[in-house]
Amino acid sequence: MNILLATGEAVPFAKTGGLADVCGALPVELSRLGHKPVVILPAYRKVRYCGLSIEPMGIDFIVPVGSKMVAGHLRQSALPGGDVPVYLVQQEQYYDRDGLYGTEGENYIDNCERFVFFSRAVLECVRLLDLRLDVIHANDWQTGLVPAYLEIEYRGVPRYEQIASLFTLHNMAYQGQFWHWDMLLTGIDWKYFNWHQMEFHGRLNLLKTGLVFADSISTVSPRYAEEIQSSRVGCGLEGVLQHRRDVLSGILNGIDTGEWDPASDPHIAANYDAASVSQGKPVCKAALQKEFGLPQVPHAPLVGMIGRLVDQKGFDLVAEVILRSVQTSEVQWVILGTGDPKYHELFTTLTERFPQKVAARLEFSNPLAHQIEAGADIFLMPSRFEPCGLNQMYSLKYGTVPVVRSTGGLADTIDQSNGFIFQEYSPLALEETLREACDAYRQGEVWSRLMATGMSQDWSWARSAKQYVELYKTTAERIRQTVAT
Ligand code: ADP
């Protein structure tokens with residue numbers, strides 16, 4: 001299959017979350033399976049520091065954005081670990097900025113314009129690069145317009161008429177909503193601005209646009225594919241998803257085992273595998289305690305958390321549980337994250353009050369993320385909702401036992417054999433389950449079994465990539481038949 005993967009971010013070029021991990025790893029695996037993927041993303045300022053060479057291609061183009069004609073250039077690179085070409089869309093005014101979508105907690109006010117331009121560039125690239133594609137695989141709101149342009153403006157063009165589109169949802173909570181006048185920037189007829197298509201409560205909604213116009217829709221776990229059809233998790237788009245459920249499926253993300261493997265991880269104090277975990281892990285735990293300024297007590301259960309500090313991730317529950325239990329329990333907490341200022345304040349206060357038990361680093365640090373995965377005993381993810389979640393799978397690989405809430409991808413990956421899982425979103429439910437985990441931790445044998453099960457499981461991309469290939473094939477076949485009739 002020939003696939004163009006369009007995305008707002010991809011590791012190692014630019015990353016704000018799990019979307020980047022998927023878009024950096026899936027294409028490499030597709031290529032290993034003998035397919036021909038290419039990736040396209042904006043050339044943000046950050047991409048210059050990714051450590052890969054990014055070459056100009058001498059390909060310039062102009063696309064309409066509202067009433068303006070805007071020029072851009074293509075640059076070229078490749079994903080490490082494979083021969084997957086990556087095309088970067090350069091447009092200094094839009095992308096040569098500090099952040100990907102905003103800075104200091106504020107979104108850029110011209111985000112709609114930036115991604116109208118990018119989406120148009122994606123479709124133009126097919127022609128400019130002479131790509132013969134089976135599928136364009138778009139991801140999240142940043143590329144929600146891609147299936148719409150393909151359907152509305154390009155279907156009649158010979159090169160494009162047989163290209164199928166797949167739209168993958170990585171998180172329903174981020175929809176790319178803009179005021180209605182931004183419809184003018186898209187250049188798409190106002191007749192599409194209705195509640196069946198691009199409009200959502202009077203605003204332009206790019207995620208909804210992608211859902212409506214894509215030939216197939218996928219999301220990042222089977223459980224999340226079910227949950228988003230309900231009002232609890234669908235973020236207002238559950239009706240659209242129910243309507244399109246015939247073409248909606250869930251494929252669990254994989255993890256990049258090249259980067260996340262305790263046997264070869266360069267960031268951790270001692271390398272280990274399943275056979276040597278009992279020697280390696282205590283070294284990593286002591287190093288983590290030292291790094292975070294906690295007392296180096298070998299037997300105290302060490303709970304780790306990594307993630308964006310946002311309501312989705314259940315940090316409010318964590319703060320309550322810490323406050324209730326910290327005086328009486330020997331549990332140590334290590335938290336790594338950035339995000340909402342209210343959580344920065346909360347965790348700063350907690351670390352100041354309980355420096356012997358709670359340590360937080362409010363920053364984005366890949367080495368520290370690796371050190372927590374290796375050094376913690378328990379990895380906590382009490383999310384309200386979780387499309388897939390990657391950290392619980394990294395944890396399994398590192399022999400760190402996950403405690404998770406039963407939602408989305410967490411429910412699809414964790415059960416009694418490899419971790420602990422609770423249902424109700426409440427501090428009490430979390431506290432009880434954590435206590436259970438700590439009890440098991442003290443029973444060496446039970447704990448060793450949990451670790452061994454997790455470490456032996458296969459969460460690599462090889463499995464998920466095959467499912468994507470199947471989905472590409474069935475979608476492309478459906479479109480070929482539609483075109484033929
Ligand atoms: P989401 O996509 O909702 O952010 P995921 O668990 O799917 O959540 O992916 C998050 C990714 O970002 C993981 O690879 C995680 O390790 C990483 N990450 C999140 N916050 C940080 C941080 N502060 N420092 C380092 N890595 C982080």
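Colleague: Is Phe 117 buried or exposed?
Modeller: Phe 117 is buried, at 0% relative accessibility. Buried means under 20% relative accessible area, exposed means over 50%, and partly exposed lies in between (1.4 Å probe, protein chains only). This is a predicted model: local features need pLDDT of at least 70, side-chain atom pairs count only at pLDDT 80 or more, and totals for chains, interfaces and linings use all residues. Residues are numbered from 1 along each chain as its sequence is written, and side-chain values use heavy atoms, with hydrogens and water left out.

Colleague: Which ring does Phe 117 pair with?
Modeller: Tyr 94. The two rings sit 5.3 Å apart, centre to centre, with 55° between the planes. That makes the pair tilted. Rings of Phe, Tyr and Trp (its six-membered ring) pair if their centres lie within 6.5 Å; planes under 30 degrees apart are stacked, over 60 edge-to-face, the rest tilted.

Colleague: Which residues are in their aromatic cluster?
Modeller: Tyr 44, Phe 61, Tyr 94, Tyr 95 and Phe 117 form one cluster. The model has 22 aromatic pairs by this rule.

Colleague: Switching to strands. How do S3 and S4 pair?
Modeller: Strand S3 (residues 55-65) and strand S4 (residues 68-78) are antiparallel, over 9 bridges. Strands pair if DSSP finds at least two bridges between them. Pro 56 has Arg 75 in S4 as its bridge partner.

Colleague: What does Gly 66 do in that hairpin?
Modeller: Gly 66 takes a positive phi near 60°. The hairpin has 2 residues between the strands.

Colleague: Now the ligand. Which residues come nearest?
Modeller: Gly 18, Arg 308, Lys 313, Glu 363 and Ser 365, out of 18 residues around the ligand. A residue is near if one of its heavy atoms lies within 4 Å.

Colleague: Which polar backbone atoms lie by a ligand oxygen?
Modeller: One from Gly 18, at 2.7 Å, and one from Leu 390, at 3.1 Å. A polar contact is a pair of N or O atoms within 3.5 Å.

Colleague: How much of the ligand does the protein cover?
Modeller: The protein covers 94% of the 560 Å² of accessible area that the ligand has on its own. Such areas come from the Shrake-Rupley method with a 1.4 Å probe.

Note on methods: Polar contact = N/O pair within 3.5 Å; in protein donor to acceptor, adjacent residues only side chain to side chain. Helix = DSSP H or I, 4+ residues; strand = E, 2+ residues; numbered from the N terminus.
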